[in-house]
Amino acid sequence: LALHLGEAMGGLLNATFGNAVELLVGILALVKGEIEIVQTSLVGSILSNLLLVGGFCFFCGGIKNNEQIFNAHAAQSYGSLLAMAILSALLPAAYNALHAQDAVLKSGTLTLSHVTAICLLIVYIAYLVFQLKTHSNLFSAVSMQDRLEASQRPAKIANNSSTAVVAESPHEPTAVHTATTTTPAQLGSPALSSSAVTTTPAEAVAIPVDGDVELPNKTCEDIEEEDDDEDEVELTVLAAMALLAIVTGLTGVCAEFLVSSIDGLTTQWNLSPSFVGMILLPIVGNAAEHVTAVTVAIRNKMDLALGVAVGSSIQIALFVMPFLCILGWIIGQPLTIYFSPFTTVVLFVTVLLVNYIIGDGRTNWLEGLVLLVAYIIIGVAYFLYPKNMDTSALH
C-alpha cells in the first residue's frame, strides 16, 4: 500500500489496521466490564509504540545508516497532537485531585471524559483532513538525496587522518580547509601553506592529510536502484486492502481468546492486571507494526517508520480511546479517560521525551537506545506495581 499510495498514506493505513487489535480487544473487554484491562491496554499501546517500536526503529536504523532524517514539519505536527492527547489525560487526573465528595468527582469525571472524547474525535478528523487533503505536502517523505547525505554524515575518518570540516547548510557553499604536509624546501611557497576549496554540501567529502579522498560507497542512483529492486509491487491496491481486511478478521477471532485468557494468566503467573495490560498485551498486539516499522527504518525510510510508530500512538489517543469511551457511555460501562497519577506521569514524561527526540527531524542510534531504556524502566515499574491496586479506573 505504501508503494501505491505513498509513505504518508501507507503509514496511516498500516497504523489503522495494526490498531485493529487494540480496538477489538478493547471492545470485547469493555462489553465484559473489564474496565482496567481496556484502559491499561490502550495506555500500554501508546507507550509501546512510542518507546519500544520507535526506539527499535531509531536504534536499528541508526546502526545501519549512521544518522537518519525525516520530515520535521510532520514530526512537529505529531508532537502537537501527542501534547493534546496528554492534556486530555492530565485534566481528569487534576480534577480528581480536588477536595470534593466522591460521588461528585465520579459524576464530574464521567461527564468530563465524555466531552473530552467527543472533542478528541473532532481533532482526529481534522488531523486526517489536514494530513491527507489541505496540507498533504507537509507530510511528504524526505528525498533520497537528503537521506543519503544524512546517512553518510559525519564521513568516516581513515588512518587517523585530519579531515575537512563540512558545513551542514543545504544551500550555502562550504569552504573546506585542509592540512597539507610540506618539506622544508616547500615552506617558502605560499601556495602550499594552506589550501581552501569551495564546494557544495553534495560535493564535500572527508579529505585525509595524504590527499586520498574517501568517497561514499554508494551513490543516490545506487540506493534508488536497490529500493526499486526491494520494493517491487506484488499486489494491487484492492488486493492489499482485501488481504489486510481478512487478516484483521482473523485477528478478531484471536482477540476473543486473548481476552478470555487474561484472568487465568494473572492468576497462574501471579501477575498484576496492570503489567499484563501495560506491557504484555501491547507487545503482542503491536508485533506486526513493530516488524514493519523496524524493517523500513533499516532501509532508511524514516518517514514511513515514524508514521507507523508515532502515528499509531496518535490514532490510539485521539480515536480508539475516545471511541471506546463513547461506546462505554452508550452501553452503560463507566469507562473514562482518568488514569492514576502514576500512569499520568508516565504518559507525560514519555511524550515529553519523544517530542525532544523527533523535534529536530533527525535521529541516531543513541536516541533509539534512550527510548528503549526508558521502556525497560517503565516495564520494571509496572511489574513491581502492587497487584491489588487499580491503575486507572475510578475509585
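In helix 15, the buried residues are T343, T344, V346, L347, T350, V351, V354, I357 and I358. They cover an arc of only 165° around the axis, which puts them on the same side of helix 15. The arc is that of the directions from the helix axis to the C-beta atoms. Buried means under 20% relative accessible area, exposed over 50%, and partly exposed in between, with a 1.4 Å probe and protein chains only. Helices (H or I, at least four residues) and strands (E, at least two) are DSSP runs, numbered from the N terminus.

Before going on, the conventions. This is a predicted model, in which local features need pLDDT of at least 70, side-chain atom pairs count only at pLDDT 80 or more, and totals for chains, interfaces and linings use all residues. Residues are numbered from 1 along each chain as its sequence is written, and side-chain values use heavy atoms, with hydrogens and water left out.

Back to helix 15. P341, V345 and Y356 are exposed on its other side. The buried residues of helix 15 pack against helix 4 (35–65), helix 5 (72–95), helix 12 (273–285), helix 14 (302–331), strand 4 (362–364) and helix 16 (365–383); contact here means heavy atoms within 4.5 Å. What about the length of helix 15? Its 18 residues, 341–358, should span 26 Å at 1.5 Å a residue, and the end C-alpha atoms are 26 Å apart, which agrees. The expected span is 1.5 Å times one less than the number of residues.

How many salt bridges does a search of the whole structure find? The search finds 1, a salt bridge being a side-chain nitrogen of Lys or Arg within 4 Å of a carboxyl oxygen of Asp or Glu. The side chains of R362 and E67 form it, at 3.3 Å from N to O. R362 lies in strand 4 and E67 in strand 1 (residues 67–69), so the pair ties together parts that are 295 residues apart in sequence. R362 is partly exposed at 25% relative accessible area, whereas E67 counts as buried at 17%.

N66 sits in the loop between helix 4 and strand 1. Its phi is near 65°, a positive value in a residue other than glycine, and N66 is partly exposed, at 31%. N300 also has a positive phi, of about 65°, although it is not a glycine. N300 lies in the loop between helix 13 (287–298) and helix 14 and is buried, at 6%.

L120 belongs to helix 6 (residues 102–134) and is buried, with a relative accessible area of 0%. Leaving aside neighbours within four places in sequence, L120 is in contact with M84, S88, A317, L318, P322 and I337.

Finally, the whole chain. The protein chain has 16 helices and 4 strands, and 44% of its 395 residues are buried. Of the contacts in the protein chain with a separation of 6 or more, 82% are between residues 24 or more positions apart.
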